[in-house]
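Subject: Structure handover

Hello,

Here is the structure for you to look over. My notes follow below it.

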Amino acid sequence: MKQGVGGVQTDGFCRSSPHGLHEGLKMAKTDNGIRICQGLLILGNVVIGMCGIALTAECIFFVSDPHGLYPLLEATENNDIYAAAWIGIFVGFALLALSILGIVGVMKSSKTLLLVYIILMLITYAFEMASCITAATHRDFLTPNLFLKQMLERYMKSDTDNNNDKQMTEGVTKTWDNLMLQNQCCGVHGPLDWQEYTSAFRMTHNDADYPWPHNCCVMNTRSEPINLDGCKLGVPGFYNSNGCYDAISGPLNRQAWGVAWFGFAILCWTFCVLLGTMFYWSRIAY
């Protein structure tokens, strides 16, 4: 045994003081906390990247117009819902790229990379918020009277003002023909739309031969009316008595709500990841 300084005996071995041991445990706990924070942020960014891919795929499906309804919205001069989907495509790609940047920044504990990540993510966040709000509020625009007015004014309109008007009229006519044929429906509310209101169609077709378009008739396998006279007379079973509004609003509302609410879910998750990243950034020393 040796006499130490101040009369404290030592045995020749280096002993840790209680204060040093406490500091060591504190540092170990701090390191574990940092690793857990890094793991959570990496996981959060992986989810953001996957959501970005899904959002892009959903919006691409929407703008591809699988139901052929875009001409109807274009003719209303309010196709903001498609603009929201295009923004969603951009945001999806941006989220994927930024998630990779965030993962690299967290793994390297780079304050510069994470600062760039935070700034760009906030910009992307604002774009996606605009896309979600536009898609969510667009539902109120899709009213039956909107499509009824458009159908009556443009379906088989003979006189057009200019090339743009002609293209819109042709698009609306073709879309309505396909809608009535494929969905076995007639008009917006029903066949009486063609009887109760003045329309461009009525201006060029007499009521005896065309009380409503022939696409309102029940067709056979060769897309021909099974009984044209019965269809003209409104005999049940020979014409389609239901309207087409559900065939229009259904797909548009489903896709609009998909873009809106999936986007809102992504925003909620991204908000949490952003807060965690800002906290982690504030703890990194240059």
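Buried means under 20% relative accessible area. Trp 212 has a relative accessible area of 8%, so Trp 212 is buried. Keep in mind that this is a predicted model.

**Trp 212 and its partner**

The ring of Trp 212 pairs with that of Tyr 239. Their centres are 5.3 Å apart and their planes are at 20°. Planes under 30 degrees apart count as stacked, so this pair is stacked. The two residues come from distant parts of the chain, 27 residues apart. Trp 212 sits in the loop between helix H8 (200-204) and helix H9 (228-233). Tyr 239 sits in the loop between H9 and H10.

**Around Phe 201**

Phe 201 belongs to helix H8. Is Phe 201 buried or exposed? Its relative accessible area is 1%, so Phe 201 is buried. What does Phe 201 touch? Leaving aside residues up to four places away in sequence, the list is Tyr 155, Met 156, Trp 194, Tyr 210, Trp 212 and Pro 213. Met 156 lies 45 residues from Phe 201 along the chain, yet their C-alpha atoms are separated by 5.5 Å. Ring pairs also join Phe 201 with Tyr 155, Trp 194 and Tyr 210 in a cluster.

**Other aromatic pairs**

The structure has 11 aromatic pairs. One of them is formed by Phe 90 and Phe 127. This pair is edge-to-face, with 5.5 Å centre to centre and 75° between the planes. Phe 90 is in helix H3 and Phe 127 in helix H4 (residues 111-137), so the pair ties together parts 37 residues apart in sequence.

**Helices H3 and H10**

Helix H3 (residues 80-108) packs with helix H10 (residues 245-282). The angle is about 25° and the axes are 11 Å apart. Angles under 35 degrees count as roughly parallel, so H3 is roughly parallel to H10. The crossing is left-handed. On the H3 side, the contact is made by Ile 81, Tyr 82, Leu 95 and Val 106. On the H10 side, Leu 252, Ala 256, Ile 266 and Tyr 280 make it. The contact of H3 with H10 has 8 nonpolar residues, no polar and no charged.

Best regards

Technical notes: Residues are numbered from 1 along each chain as its sequence is written. This is a predicted model: local features need pLDDT of at least 70, side-chain atom pairs count only at pLDDT 80 or more; totals for chains, interfaces and linings use all residues. Side-chain values use heavy atoms; hydrogens and water are left out. Axes are lines fitted to C-alpha atoms, for helices over the stretch in contact, and angles run from 0 to 180 degrees between N-to-C directions. Helices (H or I, at least four residues) and strands (E, at least two) are DSSP runs, numbered from the N terminus. Angles under 35 degrees count as roughly parallel, over 145 as roughly antiparallel, 65 to 115 as roughly perpendicular and the rest as oblique. A crossing is left-handed if the near helix is turned anticlockwise from the far one by less than a right angle, and right-handed if clockwise. Contact means heavy atoms within 4.5 Å. Ala, Val, Leu, Ile, Met, Phe, Trp, Tyr, Cys and Pro count as nonpolar, Asp, Glu, Lys and Arg as charged, and the others, Gly among them, as polar. Rings of Phe, Tyr and Trp (its six-membered ring) pair if their centres lie within 6.5 Å; planes under 30 degrees apart count as stacked, over 60 as edge-to-face and the rest as tilted. Buried means under 20% relative accessible area, exposed over 50%, partly exposed in between (1.4 Å probe, protein chains only).
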